Amino acid sequence: MSQIKNEFDYVATIKKGTYWFPFTANRLVKANPEPRMIVSAKGAYYQTINGEALFDTLSGLWCTPLGHGHFKIAEALKKQAETLDYATTFQMINPETVRLSARIAQKAPDGLEHVFFTNSGSEAVDTALKLALGYHRLKGEGQRFRMIGRERGYHGVGFGGMSVGGIVPNRKMFASGMIPGVDHIQHTYNREKTAFTAGQPEWGIEQAQDLERLIGLHDASTIAAVIVEPVQGSTGVIVPPIGYLQKLREICTRHGILLIFDEVITGFGRLGENFAAQRFDVKPDMITFAKAITNGVIPMGGVLISDEIYNTFMSGPESAIEFAHGYTYSGHPMATAVAHVVLDIMEQENLVERVKALEPVLQEAVHDLRDLPGVLDIRNIGLSAAIDLLPVEGKPGAKGMAVFNEGLENGLLLRCVGDTIAFGPPFISTPAQIQEMMMKIRHILQKLG
Ligand SMILES: Cc1ncc(COP(=O)(O)O)c(C=O)c1O
């Protein structure tokens, strides 16, 4: 608690609304802020201002797989701040960022060997969409301007990502700002057919045919790219049906449409492989990443790009900028330094392998809750899972909020989206911690009835 300045009235400032919380029911938090104040974190636990330890059930927002307070990361940050705190990467070279691009490319599927750095997942998505437009234009197919997203998809909050996203509350307020020409294929969730499936559902490959419907409607010659999360994370861990992503790939290839995998959550080990593309054995034309690459310590994101797209851009006069796009902080030296340490730790501690070993532990523990009243579905893959709860009649989200509050009372920082609880514990979690997390969920759900 020493981190807190005692003379400052945090509660009064929160109640005044000076600080506007992102993606938050602000008025609800303002009514009772104290239990939510986090002052420190170590390993898989946060500590609240009241001295409670909270297990980090979602690795931050899917971004802290190594846990918190890693001394090697702290050391690297200090050293980097003293050596090179910032340098532009416009026309200049930060050698360590170059080395980082090689390390990331080496982990990616073959042929995705070019990396463009951003500072967030949202920026990575918008960058990938712009690359898709530019690619087709350079190929003489500038009429390919349509982007196809998927219902229930989340691709961040930029205008591009919001437009291809498929979560209604994130879209409706900004409907007039949607980029033109975007359409959505159906999502793959069907509770009747797939409830309580462990891993990939057998039902649902046919949902990929919906892309053919949109191609029939718009004509392939107008479509630039399809963007999907291989596993839909934010909308509650919707696992792709067996064969579905392969089918999307096949249709895109047949029609000259680029396929983008948004791996902001799944990138760097969450599914027990470096990328979901490897887990599902499907090679997209671009992969967006963010979050885990810096363990959430400092923002960084990026896009992995195919040779074909990269080589297409490397044309025209050599003095001209090939892709008029970039961020002041693209390839920031501080983020680069952290990313190197994160990859070092992942490699030295075999953390991606560890995810593979933990997957059955989480699977067994979460599916063990299926007998509880009010549990409508349980899904899981890699080190991620979700539980759908029966909503309180007429009050969508109220059950989720009650579970979240109970979590705080029971040593869990939970992520409830509506009436779904999502889990993505840190890769450093022990089997006992995962089992304890689910025992606590059992207790909470029993208590709430
Ligand atoms: C799949 C996906 N894409 C994009 C984003 C946006 O990332 P950011 O919040 O870093 O902008 C997220 C964030 O959760 C995500 O899950």
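I start with a definition: a residue is buried if 20 or more other C-beta atoms lie within 10 Å of its own, exposed if 12 or fewer, and partly exposed in between, with C-beta atoms placed from the backbone. What you see is a predicted model, in which local features need pLDDT of at least 70 and side-chain atom pairs count only at pLDDT 80 or more, while totals for chains, interfaces and linings use all residues. Numbering runs from 1 along each chain as its sequence is written.

Leaving out residues up to four places away in sequence, Val 417 touches Ser 234, Thr 235, Gly 236, Gly 400 and Ala 422, where contact means C-beta atoms, placed from the backbone, within 7 Å. The C-alpha atoms of Val 417 and Thr 235 are 7.2 Å apart, although 182 residues separate the two along the chain.

Now the chain as a whole. Of its 449 residues, 46% count as buried. The radius of gyration is 22 Å, and a compact globule with 449 residues would have one near 22 Å, so the two agree. That radius is taken over C-alpha atoms, and the globule rule is 2.2 Å times the number of residues to the power 0.38. The C-alpha trace spans about 65 × 55 × 45 Å along its principal axes. There are 17 helices and 15 strands. Among contacts between residues at least 6 apart in sequence, 71% join residues at least 24 apart.

Next, the domains. Domain 1 covers 37–69 + 350–448 and domain 2 covers 74–348; the bounds come from an automatic or database domain assignment. Their centres, taken over C-alpha atoms, lie 26 Å apart. Domain 1 puts 31 residues into the contact and domain 2 puts in 28 residues. Which element gives the most on the domain 1 side? Helix H15 does, with seven residues. That side divides into 16 nonpolar, nine polar and six charged residues. Here Ala, Val, Leu, Ile, Met, Phe, Trp, Tyr, Cys and Pro count as nonpolar, Asp, Glu, Lys and Arg as charged, and the others, Gly among them, as polar.

S1 and S2 (residues 45–48) are antiparallel over four bridges, and Ala 41 stands opposite Tyr 46 in S2. S2 and S3 (residues 53–56) also run antiparallel, joined by three bridges. These two form a hairpin with four residues between them, and Gly 51 in the turn has a positive phi of about 85°. Phe 55 in S3 is the bridge partner of Tyr 45; in S13, Phe 55 has Leu 412 as its partner. S3 and S13 run parallel, with two bridges.

Last, the ligand. Around it are 15 residues, of which Ser 120, Gly 121, Ser 122, Gly 156 and Val 264 come nearest; near means a C-beta atom, placed from the backbone, within 6 Å. Helix H6 (residues 121–138) supplies the largest share of this shell, three residues. The shell divides into six nonpolar, seven polar and two charged residues.

Terms used. Pairing = 2+ DSSP bridges. Contact = placed C-beta atoms within 7 Å.
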